[in-house]
Amino acid sequence: MLLQQLVNGLTLGTTYALIALGYTMVYGIIQLINFAHGEVYMIGAFVGLIMVAVYKVNFFLAMLVAMAVCVPLAVLIERVAYRPLRKSTRLAPLISALGVSIFLQTLVTLIKGSPNPLAFPQVIQDTVYVLGPVKFSTIQVIILVVASLLMVFLQFIVKYTKVGKAMRATSEDYETAGLMGINVNSIVSFTFALGAALAAAGGVLVGMYFNSVHPFMGVSVGLKSFCAAVVGGIGSIPGAMLGGIFIGIVEVLGVAAGFDTYKEAIAFGLLILVLLFRPTGLLGLPIQRKV
Amino acid sequence: MSALLEMKDITIRFGGLVALDGVSFDVEEKKVVALIGPNGAGKSTVFNVITGIYTPTSGKVIFRNEDITGLKPYLITERGIARTFQNIRLFKNLSVLDNVKIGCHCRGRAGIFGALCRHPGVRAEEKIILEKSLNALDVVDLTGKRAELAKNLSYGEQRRVEIARALASDPVLLLLDEPAAGMNPQEKQTLMWMVQRIRRLGITILLVEHDMKFVMSLSDRVDVLDYGRKIASGPPSEVQRDAQVIAAYLGKEVVRECS
Amino acid sequence: MDAVLDVLTNPYYIQVMTMVGISLIAALGLHLITGITGQFSFGHAAFVSIGAYASALLTIHLHLPFILSMLAGGLAAALCGILLGYPSLRLTGDYLGITTLGFGEIVRVVFINMKITGGASGLTGIPRETNIFIVYVVVVLTIWGMYRIQNSRFGRALTAIREDEIAAETMGINTLLYKIKSFAIGTFFAGISGSLFAHMMQYLNPADFGFSRSFEILNFVVLGGLGSIPGTILGTVVLSLAPEFLRFVQEYRMLIYGALMVFMMIFRPNGLLGGVDVVRLLRSCLARLKVRRAS
């Protein structure tokens with residue numbers, strides 16, 4: 001029973017982790033809480049849904065198309081709403097991000113005609129695999145496998161490619177990276193693109209898992225994933241994965257323990273507890289006061 | 001009679017790095033003491049330990065016979081130690097006068113209720129704060145710039161506002177962290193007069209400075225730090241000839257070649 | 001003339017103006033926390049809701065006079081502000097913002113789960129006590145209080161913390177204590193605003209106090225001009241009325257609202273009145289007028 005809940009928590013948590021990665025990478029590079037990231041995830045889910053329901057394409061192809069739509073969208077958002085504000089006060093890009101968020105939610109509601117959820121067509125034969133005391137559904141297996149592959153791929157890019165090295169340099173010191181001949185603007189765009197690709201995949205996977213897609217789905221999941229990024233230590237990629245899985249498992253266990261009406265508060269409670277004891281998150285480095 | 005400030009065997013580590021290694025020195029009342037040493041020797045760290053921004057790993061800071069080690073910075077200011085910063089830390093978007101008024105903070109009492117009802121006591125206090133601030137600005141010759149925003153002043157003027165702000169807290173001991181950095185020779189000369197003026201007010205001064213002419217002509221005693229250790233101490237003329245000091249600044253080879 | 005009278009007596013306009021006043025009180029509270037002290041708070045609506053529920057329950061169950069329950073609502077919010085502020089104001093910048101955001105969501109969920117607050121279906125039966133006169137008396141008092149606070153030893157200490165926390169501390173300011181005090185006053189006004197809201201709507205629902213409301217209040221403070229009282233007033237009035245004026249575009253209303261937020265930030269990143277000293281501007285205008293009259 002507990003083991004089963006852990007598996008469910010792990011599944012939910014990896015989807016949080018996928019989205020949290022986008023928050024954490026962007027924050028790591030330009031110290032911006034990208035509140036519009038949840039909307040990128042929501043649009044990813046919609047694109048996936050349309051591909052599957054209208055064009056009857058294969059599920060994986062639908063996910064790729066969702067990524068292909070969300071990547072330029074996120075790059076465009078950065079270009080229009082954040083880049084002009086990179087040198088202004090901390091709150092200005094934050095407000096701008098919220099504006100983008102409201103804009104996209106309304107836009108999707110308008111196109112769709114109503115804010116009500118749509119069901120995701122059953123595209124995958126849902127068989128249940130039994131492994132000892134634990135049951136896996138096909139969807140759960142797909143989520144775990146796809147998410148793990150994407151995260152491994154991300155780690156590969158960040159650790160072993162030239163652009164990854166440039167990303168790490170930029171997040172270490174934005175100014176100096178620029179002086180060392182790194183085109184920081186394109187690195188920022190690339191970071192948004194990576195985050196958006198992961199979020200789009202997350203959107204399609206979650207849409208399928210919970211069988212529901214609606215224009216405001218990015219709000220709650222976005223905030224929780226953001227909590228995950230902070231709990232893990234914002235700016236840290238392994239931290240976002242750890243934080244996502246941690247929050248997913250605690251949320252599922254909390255609901256199983258009878259706190260289902262408090263479900264929406266669990267992630268935030270965890271966030272506050274972690275911050276009070278480890279002010280920079282589980283894997284974040286402590287801040288040294290500079291004088 | 002013990003010294004005004006006594007640093008006793010201060011050691012501070014940041015992770016593996018030993019920033020200060022058993023540093024001890026005294027600052028006697030009404031003296032000007034200079035702390036010199038190559039970059040990274042730990043001079044600013046000494047200031048940060050004295051003012052409570054860092055707590056030393058071991059050792060004690062004694063001020064007027066009271067142990068102030070590990071006290072919060074605001075409590076240390078209340079006890080009569082004020083400072084300036086190496087990289088200017090003014091309240092940039094406030095006027096020069098407001099900057100200095102904030103320096104008076106620890107000598108005032110008015111709180112939220114005072115702010116709201118402005119009873120006579122509060123008004124009297126505001127008047128004293130204003131007078132004190134104008135006096136402090138007068139010491140650094142900036143009374144005329146009091147209405148300007150701090151960020152609009154020249155670099156040298158900003159350094160002087162920092163000094164005025166520190167003076168406004170009625171310090172017994174004033175710590176100046178590279179006050180002449182980035183100033184032209186003329187500005188340095190003016191600054192020198194100002195420091196002497198402050199000294200005549202009866203305020204003890206501990207200063208970190210790279211400009212040797214400045215240090216040598218102002219200070220009664222010079223302490224030299226290198227790699228977190230004190231390597232020499234004495235009147236300026238003696239320290240200037242100390243072989244270890246020359247080695248620290250110019251490298252050991254130079255000393256060997258010269259001798 | 002008739003048209004003016006019509007506007008002044010039209011119950012709909014009065015309702016809108018009352019709401020603007022109520023929002024303004026909450027926004028001025030956040031102005032002190034974010035604009036003056038420089039501390040991020042992304043959960044201001046939670047304190048509004050605490051004040052609203054506390055005062056509503058006091059008038060419903062204890063039949064307290066409105067003025068007392070309003071003060072109690074303010075104090076309840078301030079108490080929660082202190083309880084949250086004490087541990088979390090050690091955090092800086094974004095981390096503080098995130099913690100307050102989390103707190104806001106937790107408060108909302110707690111109100112949904114409580115029996116006495118009517119849960120998710122809301123709290124009804126609150127007597128109507130608020131009217132436009134009471135609201136604007138409180139607004140004027142709040143503005144006056146904020147001006148006095150800003151031009152005092154206390155207010156200078158707060159601005160010092162905003163400008164440079166380490167320098168403020170070495171100038172003798174107990175920064176944590178002052179941040180908590182600023183938080184307490186700011187949340188107090190949030191609570192007062194909530195009490196007025198509760199006794200105007202006569203109905204409360206936790207859904208009205210989610211993080212989107214918190215960000216709306218933050219918007220009021222930032223878009224008008226962070227750190228300026230006239231800016232906060234302008235931001236609140238413009239943004240509260242914007243949805244009303246945008247009614248003609250109907251379903252595109254929020255679309256335009258979102259786009260406006262982005263454009264306003266890009267063209268005036270410091271807010272509409274950012275960097276404008278309104279008092280000084282008015283004074284110089286008056287002086288110029290006098291000169292002209294004399295000549």
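Two residues are in contact if their C-beta atoms, placed from the backbone, lie within 7 Å. By this criterion, 34 residues of chain A are in contact with 31 residues of chain C. The side of chain A that touches chain C draws at least two residues from each of α4 (91-112), α9 (217-232) and α11 (263-277) of chain A; helices here are DSSP runs (H or I, at least four residues) and strands are likewise (E, at least two), numbered from the N terminus. Its largest share, 12 residues, comes from α4(A).

This is a predicted model, in which local features need pLDDT of at least 70, side-chain atom pairs count only at pLDDT 80 or more, and totals for chains, interfaces and linings use all residues. Residues are numbered from 1 along each chain as its sequence is written, while chains are lettered from A and ligands numbered from 1 in the order in which they are written.

The secondary structure of chain A comprises 11 helices and two strands, and its elements run α-α-α-α-β-β-α-α-α-α-α-α-α from the N terminus on.

The C-alpha atoms of chain A fill a box of roughly 55 × 45 × 35 Å, taken along the principal axes.

| Domain of chain B | Residues |
|---|---|
| Domain 1 | residues 1-80 + 172-182 + 202-259 |
| Domain 2 | residues 91-170 |

The C-alpha centres of domain 1 and domain 2 of chain B lie 29 Å apart. Their contact takes six residues from domain 1 of chain B and six residues from domain 2 of chain B. Helix α2 (residues 73-78) of chain B gives the most to the side of domain 1 that touches domain 2, with three residues.

How values were computed. Domains from an automatic or database assignment.
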